[in-house]
Amino acid sequence: MKRASKRESKPDDVDVDDVESEEEPQEEVKPKKKSQKKNRVDPGVVEKEEKKGYNWGAIVIMLMFAIPMLITGTMQAIDMLYPEAAKVRQFRQQVMRCYEAANPSKVSEVDKFVERYVGREAVLFAKLRTKYEKVPQCQF
(Lines give C-alpha, C1' and ligand atoms only; values in the text may rest on other atoms or scores of the structure.)
Protein backbone atom coordinates (compact mmCIF):
# COMPACT_ATOMS: atom_id res chain seq x y z
CA MET A 1 0.00 0.00 0.00
CA LYS A 2 1.14 3.33 -0.94
CA ARG A 3 0.59 6.41 1.04
CA ALA A 4 -0.69 9.34 -0.87
CA SER A 5 1.46 12.41 -0.54
CA LYS A 6 -0.07 15.81 -0.08
CA ARG A 7 0.72 16.79 -3.64
CA GLU A 8 -0.97 13.76 -5.03
CA SER A 9 -4.11 14.49 -3.05
CA LYS A 10 -4.90 17.66 -5.03
CA PRO A 11 -7.86 17.38 -7.33
CA ASP A 12 -6.94 17.15 -10.99
CA ASP A 13 -9.23 19.93 -12.10
CA VAL A 14 -7.43 22.64 -10.06
CA ASP A 15 -4.50 24.18 -11.79
CA VAL A 16 -1.44 24.97 -9.67
CA ASP A 17 -1.04 28.36 -11.32
CA ASP A 18 -4.62 29.29 -10.37
CA VAL A 19 -3.99 28.55 -6.70
CA GLU A 20 -0.99 30.84 -6.57
CA SER A 21 -2.80 33.68 -8.34
CA GLU A 22 -5.79 33.50 -5.97
CA GLU A 23 -3.60 34.39 -3.01
CA GLU A 24 -3.14 38.07 -2.26
CA PRO A 25 0.17 39.39 -3.45
CA GLN A 26 2.52 39.94 -0.55
CA GLU A 27 4.53 43.10 -0.38
CA GLU A 28 8.11 42.66 0.46
CA VAL A 29 8.89 44.37 3.74
CA LYS A 30 12.38 45.70 3.76
CA PRO A 31 13.95 46.31 7.12
CA LYS A 32 14.72 49.95 7.74
CA LYS A 33 18.33 50.68 7.30
CA LYS A 34 20.04 52.62 10.00
CA SER A 35 21.65 55.81 8.94
CA GLN A 36 25.03 55.06 7.56
CA LYS A 37 26.20 58.53 8.49
CA LYS A 38 26.74 57.40 12.04
CA ASN A 39 28.87 54.52 10.86
CA ARG A 40 31.06 56.68 8.67
CA VAL A 41 33.74 58.61 10.44
CA ASP A 42 35.14 61.71 8.82
CA PRO A 43 38.49 62.59 10.30
CA GLY A 44 37.85 66.34 10.32
CA VAL A 45 34.28 66.28 11.67
CA VAL A 46 33.56 66.01 15.36
CA GLU A 47 30.09 64.76 16.21
CA LYS A 48 28.19 66.63 18.88
CA GLU A 49 26.61 64.57 21.59
CA GLU A 50 23.00 65.26 22.45
CA LYS A 51 22.75 67.16 25.69
CA LYS A 52 20.08 66.10 28.10
CA GLY A 53 18.69 68.29 30.83
CA TYR A 54 17.79 71.93 31.21
CA ASN A 55 19.07 74.81 29.14
CA TRP A 56 20.38 76.79 32.09
CA GLY A 57 21.51 79.74 29.99
CA ALA A 58 17.99 80.36 28.74
CA ILE A 59 16.58 79.94 32.23
CA VAL A 60 19.01 82.51 33.68
CA ILE A 61 18.20 85.04 30.96
CA MET A 62 14.48 84.51 31.51
CA LEU A 63 14.90 85.04 35.26
CA MET A 64 16.90 88.23 34.65
CA PHE A 65 13.82 89.69 32.97
CA ALA A 66 11.16 88.07 35.14
CA ILE A 67 12.47 88.78 38.65
CA PRO A 68 12.52 92.60 38.38
CA MET A 69 8.97 92.55 36.99
CA LEU A 70 7.81 90.33 39.84
CA ILE A 71 9.44 92.57 42.43
CA THR A 72 7.89 95.70 40.91
CA GLY A 73 4.46 94.09 40.74
CA THR A 74 4.74 92.89 44.32
CA MET A 75 5.75 96.35 45.53
CA GLN A 76 2.79 97.93 43.72
CA ALA A 77 0.42 95.39 45.24
CA ILE A 78 1.81 96.09 48.72
CA ASP A 79 1.51 99.84 48.11
CA MET A 80 -2.17 99.38 47.24
CA LEU A 81 -2.79 97.29 50.34
CA TYR A 82 -0.79 99.55 52.69
CA PRO A 83 -0.85 103.13 51.37
CA GLU A 84 0.77 104.54 54.53
CA ALA A 85 3.81 102.31 54.05
CA ALA A 86 4.07 103.55 50.46
CA LYS A 87 4.10 107.17 51.64
CA VAL A 88 6.84 106.44 54.18
CA ARG A 89 8.91 104.61 51.56
CA GLN A 90 8.56 107.51 49.12
CA PHE A 91 9.44 110.00 51.87
CA ARG A 92 12.56 107.97 52.71
CA GLN A 93 13.62 107.88 49.05
CA GLN A 94 13.34 111.67 48.73
CA VAL A 95 15.36 112.27 51.89
CA MET A 96 17.95 109.70 50.78
CA ARG A 97 18.35 111.44 47.39
CA CYS A 98 18.86 114.77 49.10
CA TYR A 99 21.51 113.50 51.50
CA GLU A 100 23.32 111.50 48.79
CA ALA A 101 23.76 114.70 46.79
CA ALA A 102 24.30 117.20 49.61
CA ASN A 103 25.93 115.36 52.52
CA PRO A 104 26.84 111.68 51.88
CA SER A 105 28.20 111.27 55.42
CA LYS A 106 24.64 111.47 56.81
CA VAL A 107 23.16 108.79 54.52
CA SER A 108 23.45 106.25 57.34
CA GLU A 109 21.18 108.44 59.53
CA VAL A 110 18.34 108.75 57.00
CA ASP A 111 16.24 106.04 58.66
CA LYS A 112 16.51 107.84 61.99
CA PHE A 113 15.32 111.12 60.38
CA VAL A 114 12.44 109.40 58.63
CA GLU A 115 11.23 107.75 61.88
CA ARG A 116 11.44 111.07 63.72
CA TYR A 117 9.50 113.03 61.06
CA VAL A 118 6.80 110.51 59.98
CA GLY A 119 3.58 112.50 59.70
CA ARG A 120 5.55 115.77 59.68
CA GLU A 121 7.30 115.37 56.33
CA ALA A 122 6.76 119.03 55.41
CA VAL A 123 8.81 120.15 58.43
CA LEU A 124 11.81 118.01 57.42
CA PHE A 125 11.52 119.09 53.78
CA ALA A 126 11.50 122.76 54.84
CA LYS A 127 14.62 122.27 56.97
CA LEU A 128 16.43 120.47 54.14
CA ARG A 129 15.43 123.18 51.62
CA THR A 130 16.81 125.97 53.79
CA LYS A 131 19.97 124.09 54.81
CA TYR A 132 20.83 122.84 51.29
CA GLU A 133 19.54 125.69 49.09
CA LYS A 134 22.07 125.13 46.33
CA VAL A 135 21.41 121.39 45.92
CA PRO A 136 18.61 120.76 43.38
CA GLN A 137 17.81 117.28 44.80
CA CYS A 138 16.81 118.91 48.09
CA GLN A 139 14.35 121.40 46.59
CA PHE A 140 11.10 119.49 47.10
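The model described here is predicted.

Phe 125 belongs to helix H5, which spans residues 121-131. The buried residues of this helix are Leu 124, Phe 125 and Leu 128. They cover an arc of only 100 degrees around the axis, so they sit on the same side of H5. The face turned away from that buried side carries Ala 122 and Thr 130, both exposed. Cover for the buried residues of H5 comes from elements including helix H3 (83-102) and helix H4 (110-116).

Phe 91 lies in helix H3 and Phe 125 in helix H5, so the pair ties together parts that are 34 residues apart in sequence. Phe 91 has 3% relative accessibility and therefore counts as buried.

Tyr 99 and Tyr 132 form another aromatic pair. Their rings are also edge-to-face, at 6.1 Å centre to centre and with 80 degrees between the planes. Tyr 99 is in helix H3, whereas Tyr 132 is in the segment after H5. This pair therefore links parts that are 33 residues apart in sequence. Tyr 99 counts as buried, at 5% relative accessibility. Tyr 132 counts as buried too, at 11%. Together with Phe 113, Tyr 99 and Tyr 132 make up one aromatic cluster.

Helix H3 also packs against helix H2. Two packed helices are described by the angle between their axes and the distance between the axes. For H2 (residues 56-81) and H3, the angle is about 120 degrees and the axes are 5 Å apart. The two helices are therefore oblique to each other, because roughly perpendicular covers 65 to 115 degrees and roughly antiparallel begins over 145. On the H2 side, the contact is made by Met 75, Asp 79, Met 80 and Leu 81. On the H3 side, Pro 83, Ala 86 and Arg 89 take part. By class, this contact has five nonpolar residues, two charged residues and no polar ones.

Note on methods: Residues are numbered from 1 along each chain as its sequence is written. This is a predicted model: local features need pLDDT of at least 70, side-chain atom pairs count only at pLDDT 80 or more; totals for chains, interfaces and linings use all residues. Side-chain values use heavy atoms; hydrogens and water are left out. Buried means under 20% relative accessible area, exposed over 50%, partly exposed in between (1.4 Å probe, protein chains only). Helices (H or I, at least four residues) and strands (E, at least two) are DSSP runs, numbered from the N terminus. The arc is that of the directions from the helix axis to the C-beta atoms. Contact means heavy atoms within 4.5 Å. Axes are lines fitted to C-alpha atoms, for helices over the stretch in contact, and angles run from 0 to 180 degrees between N-to-C directions. Angles under 35 degrees count as roughly parallel, over 145 as roughly antiparallel, 65 to 115 as roughly perpendicular and the rest as oblique. Ala, Val, Leu, Ile, Met, Phe, Trp, Tyr, Cys and Pro count as nonpolar, Asp, Glu, Lys and Arg as charged, and the others, Gly among them, as polar. Rings of Phe, Tyr and Trp (its six-membered ring) pair if their centres lie within 6.5 Å; planes under 30 degrees apart count as stacked, over 60 as edge-to-face and the rest as tilted.
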